[in-house]
Each structure stands twice: as C-alpha cells, then as structure tokens.
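Please look at the sequence and the structure shown below.

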Amino acid sequence: MEWDNGKNLAGIIIDLENVEQRFSAGERSESLKQAAQRIYNRAARHNDSAQSNWCREIIERAQKLINVCQ
C-alpha cells in the first residue's frame, strides 16, 4: 500500500476550483467541459476510502459543470 499524503486530491480540488471560477466568469466552452471531465475522471480513479467523501463531492461538482456545458 502506498501512502497518499493528500497532495493528489488537493491538486484535483484546486483544478476544480479553477474550472468553477472560469464557469462563474461566464465561460461555457468545450474546453471547460473537457477540463471538468478530466477532473471527474481523476476523482473517480482516486480510491482512498478515507477521502471518499471529498471524491464524491468533487465528482458531483464536476458533473454539474459537465451538464451545463453540453
């Protein structure tokens, strides 16, 4: 088992917040949708049960952005 110090998850959260900021600024591009999809996929692959609540929240927030940008 490899120790996960949370940096990977922290990076995902930072990326999500950057995408949400672009969305709040009015962007609705295909690029924004793809960025949200990458975040969704990264969070879905993150399999640390201790951080599962964070991953679930990230997935939900990314899914909302993906749906709006369709």
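Helices (H or I, at least four residues) and strands (E, at least two) are DSSP runs, and they are numbered from the N terminus. Gln 63, for example, is found in helix 3. The structure is a predicted model, in which local features need pLDDT of at least 70 and side-chain atom pairs count only at pLDDT 80 or more, while totals for chains, interfaces and linings use all residues. Residues are numbered from 1 along each chain as its sequence is written, and side-chain values use heavy atoms, with hydrogens and water left out.

Two packed helices are described by the angle between their axes and the distance between the axes. Axes are lines fitted to C-alpha atoms, for helices over the stretch in contact, and angles run from 0 to 180 degrees between N-to-C directions. Helix 2 (residues 30-45) and helix 3 (residues 52-68) pack at an angle of about 160°, and their axes are 9 Å apart. Helix 2 and helix 3 are therefore roughly antiparallel to each other; angles under 35 degrees count as roughly parallel, over 145 as roughly antiparallel, 65 to 115 as roughly perpendicular and the rest as oblique.

Which residues make the contact? Contact means heavy atoms within 4.5 Å. Helix 2 contributes Lys 33, Ala 36, Gln 37, Ile 39, Tyr 40, Ala 43 and Ala 44, and helix 3 contributes Cys 55, Ile 58, Ile 59, Ala 62, Gln 63, Leu 65 and Ile 66. By class, the contact of helix 2 with helix 3 has 11 nonpolar, 2 polar and 1 charged residues. Here Ala, Val, Leu, Ile, Met, Phe, Trp, Tyr, Cys and Pro count as nonpolar, Asp, Glu, Lys and Arg as charged, and the others, Gly among them, as polar.

Buried means under 20% relative accessible area, exposed over 50%, and partly exposed in between (1.4 Å probe, protein chains only). Ala 62 lies in helix 3 and counts as buried because its relative accessibility is 0%. Leaving aside its neighbours within four places in sequence, Ala 62 is in contact with Leu 16, Ala 36, Ile 39 and Tyr 40. Gln 63, by contrast, counts as partly exposed, at 29% relative accessibility. The C-alpha atoms of Gln 63 and Ala 36 are 7.4 Å apart in space, although the two are 27 residues apart in sequence.

The largest nonpolar core has 16 residues. Such a core is a set of buried Ala, Val, Leu, Ile, Met, Phe, Trp, Tyr and Cys residues joined through side-chain atoms within 4.5 Å. Those with the most contacts inside the largest core are Leu 9, Ile 12, Leu 16, Val 19, Ile 39 and Ile 58. Helix 1 (7-24), helix 2 and helix 3 are the elements that give two or more residues to this core. Leaving aside its neighbours within four places in sequence, Leu 9 is in contact with His 46, Gln 51, Trp 54, Cys 55 and Ile 58.
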